[in-house]
There are 2 protein chains.
Amino acid sequence: MSEHRTELSELGEFGLIEHLTKTITTENGNTVKGIGDDAAVIDAGEDYLLVSTDILMEGVHFNLSYTPLKHLGYKAVVVNLSDIYAMNGRPEQITVSLAMSNRFSVEAMEELYGGMRMAAKKYGVDIVGGDTTSSTSGLAISITAIGRVDKDKVVYRTGAKENELIVVSGDLGGAYMGLQVLEREKAVFEAAPSAQPDLAGNDYILERCLKPEARKDIIELLGELKIMPSSMIDISDGLASEVIHLARAASLGAVIYEDKVPMDTITISRSREFNIEPTTCAMNGGEDYELLFTISQADFERVKGHPDLTVIGHMADAAVGYQLVTRGGQQLSIKAQGWDALLNKDKW
Amino acid sequence: MSEHRTELSELGEFGLIEHLTKTITTENGNTVKGIGDDAAVIDAGEDYLLVSTDILMEGVHFNLSYTPLKHLGYKAVVVNLSDIYAMNGRPEQITVSLAMSNRFSVEAMEELYGGMRMAAKKYGVDIVGGDTTSSTSGLAISITAIGRVDKDKVVYRTGAKENELIVVSGDLGGAYMGLQVLEREKAVFEAAPSAQPDLAGNDYILERCLKPEARKDIIELLGELKIMPSSMIDISDGLASEVIHLARAASLGAVIYEDKVPMDTITISRSREFNIEPTTCAMNGGEDYELLFTISQADFERVKGHPDLTVIGHMADAAVGYQLVTRGGQQLSIKAQGWDALLNKDKW
């Protein structure tokens, strides 16, 4: 082993993944696309198979003091299905690996599994396998989703072209504000355990945080509208990070207009209460699991005015970089955050 | 959530998995086989796709005080490929999810990934995706292996018939004795940190423990010998547990002969040194990653005398139960251990 010690934080999440995987090549003829998209693509004869995997760790991805285990199970499945939809695919199977310490009871595991089964049923996927084991500390959940897509329908991160429109589904920043409310009530509870949590009026953002949905409906809608995105990704790390992913994958720049970024009114008012700039929630909050994609300008009429789709900007020449045009007309450079997003609220 | 608290230990590993998954049904026409075998089976047009997943937790599945990270990465891949071979398949892709705390350096992760890449190269599989994230404590590794098998060649756990022969590849108990040697030297080191570990003469069992191989060669051999096993499983939890799996899956009993169970001389002499009955290592030691399968009596001549294959017993009527016939002619009832195997050395 090398004598030098490089801290993980020096590279950050994206840097580390790139560092570890940059020299990996694929050898099997059946491997169509390896590392570097929302899911791997494998040739399965008539169609392509999509494979995506995730690992969720207690204390990093979830806090059981305010996350019901049933919601956690549901969310753990949904976030993986979201990766399959982001390839324009249909998820069909999942495998589930669980590691848990003996502080969990069988009934707790039933709750967790119950949530996973609920999500599986809702999205029409089968739980086909997995591993259950013990852990010396906490809970770890790793899910692999397997999906399918017609060979001529697969959408990668890489296909955007200059001047194409950038479109996002739903609204952004809600999951992050839901998390802030939960963290606040946890702090209140820790200071005064007899206090009842004050969660009234926050249903929407709490659900965005604790029980997100994957946008199966958007994939179906794009099919109905006969829109084939040129590139697509799901929003797990925040809009900033995902816009950069799509632009960089196409060797392009991107321009986003702050006044176009869709946000729910409750997200906006809660973020003001917390002294967080609403746009920051959308750009760096993450965990919204909306879909971000690019379409040709010719498709504008077909998405215009659709309540679930918003055109927020366009692809540009690489020299433009990644820009956010503020309401005041200022141009701010967009930066990806990854792991550190929630710790650096003042940075884009 | 139910008011009653049932401890995980009341059900044990196998009981818990069965409890959580027993009511799971599959809905997708493409799902051929869900939970309950070494890998899930998915229809992929011309052939079947196999999917297997595993999660390895620091402190439970590996101890970094004597496990080099490169070996750990290698082993983490191999144990998953072993599940694909156990379906008579060929692994082609893997995905890798890692969670690690900041006590690991980038160089440490390079070592781990280096081992995974070495195994991927040796077995001809592509690393096609994964997730890398942080952990509040320790290292978690979850790998999903994807393989393929001709539709008429897939071997399940369920196909054994009465009087068929039970065959095992290689030799058993070595990984467990390797672990005992490592644990002893760790204890010596903790008592006197200046002491040098005494590992001489134990190369074979240390390698069995730290850097096991999956029996790709046995699957190829069975193809050459034109032997199609009626059932097959890989030996991850010890011979006892796996024999019961195959027998139970076929609603049969099984008889194993102690004097036939293949063991290396170094495994036998080390186990005597440690006052462990050698057969116990083979029956309950686990982690040997050999293949256990059943063949018709008509195939006996084809495997007879092959240095890598040993006939150790036969399937029997369910009323016989699961029996070990000792060298002294006694019949002992075989019990599966799962999680608790290594803690209960005196039990079968």
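In chain B of this predicted model, strand S7 (residues 165-169) and strand S11 (residues 309-316) run antiparallel and are joined by five bridges. Within this pair, Leu165(B) has His314(B) of S11(B) as its bridge partner. Both strands belong to an open sheet of seven strands in chain B, ordered S8-S10-S7-S11-S9-S12-S13, in which the pairing is mixed. The edges are formed by strand S8 (231-234) and strand S13 (331-333) of chain B; each has a single partner strand, so one side of each is left without a neighbour in the sheet. From one strand to the next, the twist averages 25°. Strands of a sheet pair through backbone hydrogen bonds, in either the parallel or the antiparallel sense.

The phi of Tyr289(B) is positive, near 55°, although the residue is not glycine. Tyr289(B) counts as buried because it has 24 C-beta neighbours inside 10 Å, the cut-off being 20 or more. In chain A, the loop between helix H9 (278-284) and strand S10 (291-295) holds Glu287(A), a residue other than glycine with a positive phi of about 65°. Glu287(A) has 22 C-beta neighbours inside 10 Å and therefore also counts as buried. Most residues other than glycine have a negative phi.

Confidence was examined for chain A and for the complex. The mean pLDDT of chain A is 91, and 96% of its residues reach 70 or more. Residues 339-348 of chain A have a pLDDT below 50; this stretch makes 20 contacts in the model beyond near neighbours in sequence. For the complex, the predictor gives an ipTM of 0.88 and a pTM of 0.91.

Chain A is divided into two parts, domain 1 (8-150) and domain 2 (165-343). A distance of 22 Å separates the C-alpha centres of domain 1 and domain 2 of chain A. Contacts between them involve 19 residues of domain 1 of chain A and 20 residues of domain 2 of chain A. On the side of domain 1 of chain A that touches domain 2 of chain A, helix H1 (8-21) and helix H2 (69-85) of chain A each supply at least two residues. H2(A) gives the most to this side, with nine residues.

Strand pairing in chain A was followed through strand S3 (residues 47-57), which is mostly covered, with ten of its eleven residues buried. S3(A) is joined to strand S2 (residues 40-44) of chain A by five bridges, and the two run antiparallel. In this pairing, Val51(A) of S3(A) stands opposite Ala40(A). S2(A) and S3(A) form a hairpin with two residues between them, and Gly45(A) in the turn has a positive phi of about 80°. S3(A) also pairs with strand S6 (residues 140-150) of chain A, in the antiparallel sense and over eleven bridges. Here Leu49(A) stands opposite Arg148(A) in S6(A).

The two chains of the complex were then compared. Chain A is superposed on chain B by a rotation of 180° with 0.0 Å of shift along its axis, at an RMSD of 0.0 Å. The two copies are thus related as by a two-fold rotation axis. Among the residues of chain A, Ala44(A) comes closest to the rotation axis, its C-alpha lying at 2.7 Å.

Across the interface, 71 residues of chain A are in contact with 71 residues of chain B. The elements of chain A that each supply at least two residues of the side touching chain B are H1, S2, S3, strand S4 (90-100), helix H3 (106-123), strand S5 (126-134) and S6. S5(A) gives the most to this side, with nine residues. Of the interface residues of chain A, 100% are also interface residues in chain B, so the copies meet through the same surface.

How values were computed
Residues numbered from 1 in each chain as written. Chains lettered and ligands numbered in written order. Predicted model: local features only at pLDDT ≥ 70, side-chain atom pairs only at ≥ 80, totals over all residues. Least-squares fit on C-alpha atoms with pLDDT ≥ 70 in both. Contact = placed C-beta atoms within 7 Å. Buried ≥ 20, exposed ≤ 12 C-beta atoms within 10 Å, placed from the backbone. Helix = DSSP H or I, 4+ residues; strand = E, 2+ residues; numbered from the N terminus. Pairing = 2+ DSSP bridges. Axes fitted to C-alpha atoms, helices over the stretch in contact; angles between N-to-C directions. pLDDT = per-residue confidence, 0-100. Domains from an automatic or database assignment.
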